[in-house]
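Student: I would like to learn how to read the features of a structure like this one. Please take me through them in turn.

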Amino acid sequence: MSKGTIRNMLTRDKRADRVVPPSGYTAQLTLFVSGAMAFLAVFALALSLASGRLADRWASELAGAATLRINAPAEQLAAQTEAALTVLAQTPGVASARALSAEEQVALLSPWFGPDLPLDTLPVPQLIEIVEGAPGLDATGLRLRLGAEVPGAVLDDHSRWREPLVDAATSLRRLGWVSILLIGGATAAMITLAANASLAANAQIIEVLRLVGARDRFIASAFVRRFTYRAFFGALVGVLFGMTGVLLLPEASEEGGFLTGLGFQGGGWLLPALIPLLGAAVAFLATWTAAARKLKELS
Amino acid sequence: MIELENVSYTYGDGELLSDVSLQLQPGSFHFLTGPSGAGKTTLLKLCYGALLPTSGRLNAFEQDIARLDRDQMALLRRRIGVVHQDCRFLDHMTLAENVSLPLMVSGKGENAQKEDLLELLNWVGLGTRLDALPPELSGGERQRAALARAVILSPDVVLADEPTGNVDWEMSQRLLRLLVELNKMGKTVLIATHDLSLIRATKSQVQARVLRISQRQIQLAGADL
């Protein structure tokens with residue numbers, strides 16, 4: 001189908017559009033389906049974008065860091081910490097290494113034990129925060145060296161729990177896109193059904209149009225235009241409701257985590273504007289295909 | 001113009017037309033008569049491509065109708081005006097819109113002058129009914145509207161299937177006069193009717209060939225009419 005054909009089919013022709021009766025349940029069905037699907041598509045898009053942001057953040061924030069834990073009797077803790085820092089200072093790929101202060105360790109444990117934790121009376125391991133640099137940390141080599149020089153050291157490069165989290169966020173993003181595709185497919189199927197019902201209900205009109213010399217393209221265009229514009233306006237309303245829903249979600253915050261971040265950011269707010277256009281494109285193709293098939297069947 | 005050569009048409013197990021040959025010459029006037037169910041409507045439908053012959057050859061404007069695709073068939077139908085017995089209008093559109101439908105579908109709607117449409121509707125006596133919807137029209141008005149729609153593209157051939165079937169004698173005479181006028185303008189006219197009195201009444205107005213369908217075959221009618 002050429003661009004000119006598509007333009008001709010979509011150009012409003014009030015008189016030609018009149019050949020199809022203006023009412024019928026298929027009109028309401030198309031408006032409702034495209035509106036509801038666009039509403040759902042907004043949320044699926046928001047979910048997908050939020051999951052993507054989360055996956056990127058987890059991947060980037062945790063990828064460049066590792067933690068060294070020193071489990072040693074209290075009298076050896078300082079010496080082993082010092083030895084570990086020395087080893088780390090000599091290790092390629094370590095940009096910086098720093099032992100966490102007692103206050104920082106209390107802050108880390110306070111969500112579980114409360115803020116008044118007597119850290120000095122508990123056998124809490126010393127934590128060392130490692131920031132990776134070029135050319136990257138050789139975790140296996142470092143573990144071997146620490147095993148020989150700092151017996152109480154346990155290296156955690158975060159990969160054990162970072163990867164499943166990033167995988168989960170990536171899967172969630174993929175799920176969002178699959179949902180959008182399914183929504184598009186379901187919209188196409190519903191509009192095809194509605195178009196088929198409309199074409200069947202108007203079989204006599206099609207017969208009259210053929211009798212007076214109408215080409216299939218003229219007949220199909222009248223139906224295609226009607227369904228395309230209905231789907232567009234239905235989707236537009238659905239998007240407006242969906243965007244309002246997203247706007248009413250709580251603001252993203254550190255405490256709220258993922259659920260409060262389920263919205264759009266920056267240029268992402270413009271993406272839902274594509275949904276009515278995509279809805280119209282889906283309706284165009286679905287109606288054109290249905291009309292071509294039905295007209296062939298009726299000939 | 002339209003030429004049938006040994007055309008047969010079978011529907012299901014029954015043969016409705018058998019080995020029919022007929023030529024509609026430019027500017028000619030034909031009546032097609034025969035009892036109900038003889039195949040008059042079938043023959044008309046074959047002439048404008050609504051049905052295709054089961055065997056034989058049917059040429060319209062030097063084109064084999066069986067070889068035309070749907071677009072070519074649409075173009076052919078713009079050259080053949082058809083008046084159906086049941087008229088077939090789009091009930092949600094006004095009389096003026098229905099009559100100008102052939103202009104619209106052929107892309108000539110934009111340039112169509114309202115005065116020309118009014119002149120045509122005046123010719124068939126419907127100049128004051130422009131905005132009426134088809135269900136509001138009487139039988140005679142519907143037939144005249146169908147005739148106006150059939151000729152608005154100035155077709156070469158006008159086919160009319162029982163055009164006076166649902167109207168009184170006076171109206172049938174009026175319709176017939178319109179068809180005779182069209183013939184005098186050079187149009188080929190073929191009227192299918194079982195009403196022999198109508199044929200007799202026309203004899204003085206136009207030189208018409210009367211064809212009779214009998215036993216699935218077409219014959220030139222004799223002096224018994």
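Student: What should I know before I start?

Tutor: This is a predicted model, in which local features need pLDDT of at least 70 and side-chain atom pairs count only at pLDDT 80 or more, while totals for chains, interfaces and linings use all residues. Residues are numbered from 1 along each chain as its sequence is written, and chains are lettered from A and ligands numbered from 1 in the order in which they are written.

Student: Which domains does the assignment give for chain A?

Tutor: Domain bounds come from an automatic or database domain assignment. For chain A, domain 1 covers 3–59 + 163–298 and domain 2 covers 72–151. Their C-alpha centres are 55 Å apart.

Student: How do I read the packing of two helices?

Tutor: Two packed helices are described by the angle between their axes and the distance between the axes. Helices (H or I, at least four residues) and strands (E, at least two) are DSSP runs, numbered from the N terminus. Axes are lines fitted to C-alpha atoms, for helices over the stretch in contact, and angles run from 0 to 180 degrees between N-to-C directions. In chain A, helix α7 (residues 159–201) and helix α10 (residues 274–298) pack at about 40°, with axes 8 Å apart. That angle makes α7(A) oblique to α10(A); angles under 35 degrees count as roughly parallel, over 145 as roughly antiparallel, 65 to 115 as roughly perpendicular and the rest as oblique.

Student: What is the handedness of the crossing of α7(A) and α10(A)?

Tutor: A crossing is left-handed if the near helix is turned anticlockwise from the far one by less than a right angle, and right-handed if clockwise. α7(A) passes α10(A) in a right-handed crossing. Residues in this contact (C-beta atoms, placed from the backbone, within 7 Å) include A:G184 and A:A188 of α7(A) and A:G279 and A:A283 of α10(A). By class, the contact of α7(A) with α10(A) has ten nonpolar, seven polar and one charged residues. Here Ala, Val, Leu, Ile, Met, Phe, Trp, Tyr, Cys and Pro count as nonpolar, Asp, Glu, Lys and Arg as charged, and the others, Gly among them, as polar.

Student: How is helix α9 of chain A placed against α10(A)?

Tutor: The axes of α9 (residues 216–247) of chain A and α10(A) come within 8 Å and cross at roughly 150°. That makes α9(A) roughly antiparallel to α10(A). The crossing is right-handed. Among the residues in contact are A:F223 and A:F227 of α9(A) and A:F284 and A:W288 of α10(A). The contact of α9(A) with α10(A) has 19 nonpolar, three polar and one charged residues.

Student: Which helices of chain B can I compare with these?

Tutor: Take helix α6 (residues 139–151) of chain B and α7(B), whose axes come within 10 Å and cross at roughly 10°. α6(B) and α7(B) are therefore roughly parallel to each other. Their contact includes B:L147 of α6(B) and B:L178 of α7(B).

Student: How do I read a sheet?

Tutor: Strands of a sheet pair through backbone hydrogen bonds, either parallel or antiparallel. Two strands count as paired if DSSP finds at least two bridges between them. In chain B, four strands form an open, antiparallel sheet in the order β2-β1-β4-β5. Its edge strands are β2 (14–24) and β5 (63–64), each pairing on one side only. Strand β1 (residues 2–11) of chain B and β2(B) are joined by seven bridges, and B:V7 stands opposite B:V20. These two strands form a hairpin with two residues between them, and B:G12 in the turn has a positive phi of about 65°.

Student: Which strands make up the mixed sheet of chain B?

Tutor: Six strands form that open sheet, in the order β6-β7-β8-β3-β9-β10. The edges are β6 (80–83) and β10 (217–220). Within chain B, β7 (residues 157–161) and β8 (residues 188–192) run parallel, joined by five bridges. B:L159 has B:L190 as its bridge partner in β8(B). Helix α7 (residues 169–184) of chain B lies across β3 (29–33), β7 and β8, at about 150° to β8(B).

Student: How many residues does each chain bring to the contact between them?

Tutor: Chain B gives 18 residues and chain A gives 16 residues. On the chain B side, α2 (70–77) and α4 (101–105) each supply at least two residues. That side has eight nonpolar, three polar and seven charged residues.

Key:
Two residues are in contact if their C-beta atoms, placed from the backbone, lie within 7 Å.
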